Amino acid sequence: MNEELRVADDLFLIALDDRTGQHVVDARTLGYGLAGALLIELLLNESVRLVEDHLRPADKLPEDAVTHRIFDLVKAEEAGRERHGLAAWLKFVEKTAIDDVYMRLRQQRLVRRTESRRLLGGSTVRYEPTSDVIAASIGWRPQRLAVMLGARRYERGIKTAADAALAVLCHAIGLTQRVLKDADGPEPYAYLDEIHRELARSFTSIYQVAAGVGELAGSATFTNR
Amino acid sequence: MTAPGTHSVVSETLAADSIGSVSVAQFLLTTAAPMLVIVGVVGTGWAVTGVLAVPVGFAAVAGLLALFAIGYTAMARRIVNAGALYTYSAIGLGRPAGIAAGLLALLSYNTMQVGAYGMIGAVASSELQQYLGVSVPWYLCALLAWALVAILGSRKVEFTGKVLATLLAGEVLFVIAAGIAGLLHPAGGHVSFAALNPGNLFASDTGVVLSGVGAVLAIAWTAYIGFEQAPNYSEESKNPRRTVLYATFGSLGLMAAVYLFVPWAMSVSVGPDKIVAAAQEQSTELLFGVAAPLGDAAVLAGHLLLLTSVFAGLLALHNTCARYAYALGREGVLPRVMARTSLKTRAPIAGSIAQTITGLAAIALYAAMGWDPMVNMMFWLAAIGGVGILLLVTITSLAIVAYLIRNPAAAGLFTNVIAPVLSSIGLIAVCGLCLDNYTTLLGVDPDSPLGWIFPACYGIVIVAGLLWGFILRASRHPAYDQIGNGATVAPATVATAQPAMGGIR
């Protein structure tokens with residue numbers, strides 16, 4: 001597995017318990033997180049811009065089929081003079097985000113999905129690593145983020161906007177405790193604070209998307225949908 | 001705006017999955033539990049206050065709430081936020097007021113929820129005796145309900161929309177059918193409108209005019225608790241602006257109609273000169289006596305619907321308490337551990353556990369002390385919690401006035417100023433009546449210390465909330481700026497699991 005993964009792919013794997021094959025967050029929350037990650041990939045690639053809470057297509061084409069489909073839709077809605085706020089886009093992309101990101105991971109031969117029926121109806125979906133080596137790599141993903149968050153004192157912290165986005169998205173969907181469960185002291189949390197502030201200053205669009213994800217994930221706690 | 005001849009995939013997709021006004025109204029009505037109101041609140045209102053025109057009191061409160069709802073829904077259209085009363089208080093009156101409102105909400109909803117355990121315990125115990133000849137103490141029945149609520153609440157399981165709709169429809173149909181049966185069998189052979197005479201609102205068997213009115217209004221107020229939660233669903237709504245508006249007024253209108261018609265019909269069936277005494281003797285069986293002409297099977301169905309109504313209300317209030325604790329924990333007003341959610345179910349697990357422990361402690365206390373589950377637990381705690389929420393809504397009404405004056409909606413002078421100001425004046429007057437006649441509300445002697453102890457608790461909570469807010473502000477605590485933001489991912493400060501050493505504060 002490459003050290004650098006796309007933001008959404010990384011988030012999917014960080015949220016995955018490689019022992020059980022199930023995600024540690026509920027599907028809707030994960031969906032919002034992945035939706036935010038996919039939009040952030042488009043922003044980082046300069047395929048879209050966030051202008052006053054509205055997504056606008058830019059000139060550079062996305063690099064993969066999933067984000068390309070979102071980009072095409074942004075263009076089509078723009079052409080139809082339909083203006084949707086960021087929350088609407090997040091809610092829309094959320095609906096297929098888990099499946100879309102899974103398909104990308106499957107194409108990279110990282111995970112495969114299995115489904116088993118439950119005794120009283122319904123089914124349990126699991127995402128299993130395709131090999132033991134891949135399983136170890138998947139298990140490393142949250143630790144990789146934790147190492148970066150704990151490494152500021154050695155001037156080795158988070159260097160890229162993609163990793164910063166990943167860190168704040170993990171926080172937005174409640175994965176901070178999972179990532180930093182073995183953290184030594186409060187410094188990684190304070191560093192995460194700083195990353196939030198830095199994104200709000202220098203990468204406002206990314207910060208807005210993460211804030212939108214957090215708002216939707218938090219609001220979902222108030223309803224049973 | 002969409003260009004002609006095109007359609008928006010995004011809009012259509014979101015609309016298909018969003019909930020409409022009817023669904024939201026359903027959720028609101030479940031919390032309000034109309035059957036519980038008719039069986040428990042209305043009868044107790046007659047029994048305690050001795051005022052015949054209790055239905056008029058319900059109508060009066062509905063009118064006041066309709067005025068409140070005008071400004072409330074106008075604010076909800078501007079602020080799409082699940083925190084509702086607490087958030088609006090913070091935005092309108094400032095963060096210290098928001099904290100006070102949040103703490104008051106937590107205390108009041110908890111008190112109401114715990115009180116309902118008394119009702120479900122007493123009713124279940126009575127029905128087991130009546131239909132199965134089995135004698136089970138009320139507290140064992142309450143503990144069973146408590147256990148179910150604890151399990152379902154911690155997993156954020158609520159009744160599905162279809163189950164809710166069916167039970168709710170059954171409740172409403174039963175009470176209306178009982179009312180019609182009562183009208184068709186009037187006492188003395190003629191239909192009396194005495195219970196609808198506003199003049200009779202001011203005549204009380206207690207002999208003190210305003211004390212009866214104040215108590216009736218406080219009791220009537222508790223019947224509508226739940227209608228204020230529509231903004232919680234704004235994020236999930238097809239059209240947040242319209243859904244909150246229609247759901248709020250729709251549920252309020254339906255409740256007002258039922259609470260006016262059915263109690264009046266009950267007074268017609270029993271006789272306006274006998275209804276107070278009958279309520280005192282028959283307690284929760286009063287409605288079922290009126291419904292007797294419907295047949296034994298219908299009455300049995302009614303008893304079962306009462307149990308499901310109370311249970312659904314218990315679960316809804318439990319979840320409300322857990323969510324308030326979550327919101328306050330997330331914004332740093334309460335310890336951040338209260339913001340912990342179950343990753344798997346999204347349930348606000350810490351808040352749920354705290355509320356569960358509160359319920360258990362209350363049931364244990366009442367059982368150990370031998371206090372009456374209906375009078376001392378259900379009615380007293382419902383009255384205490386209800387007045388607390390009345391104060392909360394009053395604070396929110398003032399916040400709405402302040403907000404809409406600063407940020408007027410496009411709707412005009414009546415929406416921005418007149419309705420909110422009138423509702424604030426009305427709510428303050430009702431609060432004053434309730435607090436001034438608290439002993440009548442509780443049904444205790446006028447000299448009882450309970451008449452000032454419970455109101456003092458509200459004062460303590462409000463003052464504590466204000467002080468806490470001022471302390472946070474003065475110490476420039478990072479949590480202060482997040483108050484009223486609702487359940488968002490706040491910048492930096494939320495990331496800290498514990499106060500960071502140094503850094504920007």
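## Contacts and overall make-up of chain B

Two residues are in contact if their C-beta atoms, placed from the backbone, lie within 7 Å. In this predicted model, contacts in chain B between residues at least 6 apart in sequence join residues at least 24 apart in 81% of cases.

Chain B contains 18 helices and 0 strands. Of its 505 residues, 59% count as buried.

## Nonpolar cores

The largest nonpolar core holds 180 residues, and the members that touch the most others are Leu104(B), Ile120(B), Tyr224(B) and Ala325(B). The greatest contribution to this core comes from helix H15 of chain B, residues 373–406, which supplies 22 residues.

## Packing of helices H15 and H16 of chain B

Helix H15(B) packs against helix H16(B), residues 413–436, with the two axes 9 Å apart and at an angle of about 155°. Angles over 145 degrees count as roughly antiparallel, and H15(B) and H16(B) are therefore roughly antiparallel to each other. The crossing of H15(B) past H16(B) is left-handed.

On the side of H15(B), the residues making the contact include Val387(B), Leu390(B), Leu391(B), Thr394(B), Leu398(B), Val401(B) and Ile405(B). On the side of H16(B), they include Asn416(B), Val417(B), Pro420(B), Ser424(B), Leu427(B), Cys431(B) and Cys434(B). By class, the contact of H15(B) with H16(B) comprises 17 nonpolar residues, 5 polar residues and no charged ones.

## Packing of helices H3 and H11 of chain B

Helix H3(B), residues 34–49, and helix H11(B), residues 275–282, have axes that come within 8 Å and cross at roughly 115°. This angle makes H3(B) roughly perpendicular to H11(B). H3(B) passes H11(B) in a left-handed crossing.

Gly43(B), Trp46(B) and Ala47(B) form the H3(B) side of the contact, while Ile275(B), Val276(B), Ala279(B) and Gln280(B) form the H11(B) side. The contact of H3(B) with H11(B) has 5 nonpolar residues, 2 polar residues and no charged residues.

## The loop between H8 and H9 of chain B

Pro198(B) belongs to the loop that runs between helix H8 (161–184) and helix H9 (209–222) of chain B. Pro198(B) is exposed, with 11 other C-beta atoms within 10 Å. The C-alpha atoms of Pro198(B) and Val56(B) are 6.1 Å apart in space, although these residues are 142 residues apart in sequence. Beyond residues up to four places away in sequence, Pro198(B) touches Ala53(B) and Val56(B).

Ser192(B) is likewise found in the loop between H8 and H9 of chain B. Ser192(B) counts as partly exposed, with 17 C-beta neighbours inside 10 Å. A distance of 7.9 Å separates the C-alpha atoms of Ser192(B) and Gly271(B), which are 79 residues apart along the chain. With residues up to four places away in sequence not counted, Ser192(B) touches Val268(B) and Pro272(B).

Gly359(B) is part of helix H14, residues 349–369, of chain B. A residue is buried if 20 or more other C-beta atoms lie within 10 Å of its own; Gly359(B) has 26 such neighbours and therefore counts as buried.

Gly359(B) and Val114(B) are 245 residues apart along the chain, yet their C-alpha atoms are separated by 5.3 Å. Gly359(B) touches Gln113(B), Val114(B), Tyr117(B) and Trp146(B), not counting residues up to four places away in sequence.

Glu52(A) counts as exposed, with 8 C-beta neighbours inside 10 Å.

Arg109(A) is placed in the loop between helix H4 (86–107) and strand S5 (111–117) of chain A, and with 12 C-beta neighbours inside 10 Å it counts as exposed.

Key
Residues numbered from 1 in each chain as written. Chains lettered and ligands numbered in written order. Predicted model: local features only at pLDDT ≥ 70, side-chain atom pairs only at ≥ 80, totals over all residues. Axes fitted to C-alpha atoms, helices over the stretch in contact; angles between N-to-C directions. Helix = DSSP H or I, 4+ residues; strand = E, 2+ residues; numbered from the N terminus. Parallel < 35°, antiparallel > 145°, perpendicular 65-115°, else oblique. Left-handed = near helix turned anticlockwise from the far one by under 90°. Nonpolar A, V, L, I, M, F, W, Y, C, P; charged D, E, K, R; others polar. Core = buried A, V, L, I, M, F, W, Y, C linked by C-beta atoms within 7 Å.
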